[in-house]
Amino acid sequence: MTIGVDDDESAFSHLDDSKATEESWLRICSKLKGEVGEVEYRTWLTKIALGPVDGDEITLLLPTRFLRDWVRSQYGDRLSELWNQEVSSIRRVELQVARLGDPTAPTALLLEENPTPATANTPSEPEDTGRTTPEVKSDIVASLDTRFTFDTFVVGKPNEFAYACARRVAEKPSSVGFNPLFLYGGVGLGKTHLMHAIGAELLQRGNVSVAYMSAEKFMYRFIAAIRSQSTMEFKEQLRSVDVLMIDDLQFLIGKDNTQEEFFHTFNALVDAGRQIVVSADKSPSDLSGLEDRLRTRLGCGMVADIHATTFELRISILEAKAAASGVVVPAKVLEFLAHKITSNVRELEGALNRLIAHANLFGRPVTLEATQDVLHDILKAHDRRVTIEEIQKKVAEHWNIRLTDMSSARRARAVARPRQVAMYLAKQLTSRSLPEIGRKFGNRDHTTVMHAVSRVAELMERDAAFAEDVELMRRMLES
């Protein structure tokens with residue numbers, strides 16, 4: 001990443017003087033420490049090293065991609081400002097990944113002589129634990145997404161057990177009482193989010209080495225190690241970590257040699273008291289195609305299912321994301337999305353992101369009409385034929401009445417009005433005739449249906465709130 005700053009004619013005349021450059025860097029470090037505080041400084045910034053100066057560009061070195069990406073997103077702009085204030089001729093600050101212990105790497109000045117670790121690949125000197133914290137090569141570990149933390153994970157009934165298990169592992173990975181933790185559930189329900197959250201929490205605590213990768217990447221790295229005749233190095237690296245996390249294990253189905261290597265790695269880590277976290281789309285017992293011995297070992301730990309989301313959980317997720325965006329999204333729009341997109345949280349969030357981006361780009365408020373227009377392709381994928389039974393069920397749920405009230409003889413307004421709305425929607429959204437609709441509502445006459453349709457249309461013209469409710473129902477049900 002290159003961070004640009006404005007040209008400044010006043011150059012630092014002796015920039016090539018390494019001692020002066022180091023002194024400038026130390027002053028920048030001191031300012032950073034004062035700004036962010038001791039804890040944050042030691043957690044994230046102590047592994048930055050001063051790299052070479054090339055003309056108007058200064059290079060800062062970091063030991064892992066994960067740490068480089070984090071520093072880039074959280075401190076990149078401030079580093080650029082501080083360098084430009086300190087050395088006015090610096091126009092670019094380059095952040096690069098470099099193994100600081102590599103003799104071929106440029107000479108580097110660390111922020112502190114004894115930094116505290118912050119990433120899976122940058123362990124510090126261990127406390128008195130009786131063993132050395134291992135180093136994990138950055139090229140075999142996927143970067144953790146800094147957005148996926150426990151704080152940003154919305155907890156509800158479908159995922160509360162998996163969330164509790166994940167937090168337990170993050171707090172005490174060596175003494176949770178179950179190994180492995182096996183998370184399973186459908187696509188886009190939060191398995192990967194929880195795994196990244198575990199990794200982020202462990203790395204913040206420090207003195208723990210964490211390796212995270214997808215099962216597919218595990219396979220590719222294993223194959224590459226065979227080709228390069230470095231399988232022993234590959235095995236030693238993975239079997240020396242404190243916590244190993246493998247995402248989407250189902251991709252190992254049918255890969256017998258890779259399964260065998262994973263099985264031996266699994267056993268080596270469990271025998272050494274190290275923690276394993278695995279995710280898949282099905283429970284171990286349902287992963288046909290895995291070796292029986294591997295399936296059995298996976299099922300011996302804690303198996304936590306992430307169920308399909310409820311309407312309430314989807315609303316909570318959308319509310320949290322909308323609040324973070326700073327864009328006003330009406331409750332009716334959130335309800336509409338939560339009703340229409342039910343199977344995949346990732347797709348649900350993506351739909352909201354598109355709405356927010358559209359609002360920001362065009363400066364228009366988010367409305368139900370705009371939502372249907374902007375998300376027409378997503379909504380079309382969820383289209384289905386609407387039945388009168390479905391209309392009755394949705395309307396009864398929305399107005400909190402019993403489904404049997406749709407066909408009962410009760411005439412109280414609290415029952416009659418929703419029944420009329422259901423008749424109106426049945427006329428709008430189905431091809432059923434008036435007599436057919438009447439029969440679905442307790443064998444009522446077709447004139448009763450006609451009256452209900454005209455009455456609802458009249459009320460919608462007079463009452464904006466009522467019209468909005470009916471419109472919401474229609475949009476959630478329409479094909």
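**Figure 1. Gln 229 sits in the loop between α6 (215-227) and α7 (231-239).** In this predicted model, local features need pLDDT of at least 70, side-chain atom pairs count only at pLDDT 80 or more, and totals for chains, interfaces and linings use all residues. Numbering starts from 1 along each chain as its sequence is written, and side-chain values use heavy atoms, with hydrogens and water left out. Helices (H or I, at least four residues) and strands (E, at least two) are DSSP runs, numbered from the N terminus. Gln 229 has a phi near 55 degrees, a positive value in a residue other than glycine. Most residues other than glycine have a negative phi, and most peptide bonds are trans.

**Figure 2. A cis peptide bond leads from Asn 179 to Pro 180.** Its omega is near 5 degrees. Pro 180 belongs to the loop between α4 (160-171) and β6 (181-185).

**Figure 3. Helix α8 (residues 256-271) packs against helix α9 (residues 292-299) at an angle of about 35 degrees.** Their axes are 10 Å apart. Axes are lines fitted to C-alpha atoms, for helices over the stretch in contact; angles run from 0 to 180 degrees between N-to-C directions. α8 passes α9 in a left-handed crossing (near helix turned anticlockwise from the far one by less than a right angle; right-handed if clockwise). Contact (heavy atoms within 4.5 Å) involves Gln 259, Glu 260, Phe 262, Phe 263, Phe 266, Asn 267 and Val 270 of α8, with Arg 293, Leu 294, Arg 297 and Leu 298 of α9. By class, these are 6 nonpolar, 2 polar and 3 charged residues. Ala, Val, Leu, Ile, Met, Phe, Trp, Tyr, Cys and Pro count as nonpolar, Asp, Glu, Lys and Arg as charged, and the others, Gly among them, as polar.

**Figure 4. Helix α10 (residues 311-325) crosses helix α11 (residues 331-340) at roughly 130 degrees.** The axes come within 9 Å. The pair is therefore oblique (under 35 degrees is roughly parallel, over 145 roughly antiparallel, 65 to 115 roughly perpendicular, the rest oblique). The crossing of α10 past α11 is right-handed. Phe 311, Arg 314, Ile 315, Leu 318 and Glu 319 of α10 touch Leu 334, Glu 335, Leu 337, Ala 338 and His 339 of α11. The contact counts 6 nonpolar, 1 polar and 3 charged residues.

**Figure 5. Helices α18 (residues 446-462) and α19 (residues 464-477) pack with their axes 6 Å apart.** The angle is about 125 degrees, which makes α18 oblique to α19. α18 passes α19 in a left-handed crossing. Val 456, Leu 459, Met 460 and Arg 462 of α18 meet Ala 464, Phe 466, Ala 467 and Val 470 of α19. That contact has 7 nonpolar, no polar and 1 charged residues.

**Figure 6. The largest pocket has a volume of about 900 Å³.** On a 1 Å grid over the protein atoms alone, a pocket is an open set of points with protein on both sides within 12 Å along at least five of seven lines; a cavity is a set where a 1.4 Å probe fits but cannot get out; lining residues have an atom within 4 Å of a point. Grid points are joined across faces, edges and corners, and a volume is the space filled by probe spheres set on the points. The lining has 30 residues, with Phe 148, His 193, Val 345, Arg 346 and Glu 349 nearest the centre of the pocket. α5 (191-205), α10 and α12 (345-362) each supply at least two lining residues. The lining holds 11 nonpolar, 11 polar and 8 charged residues.
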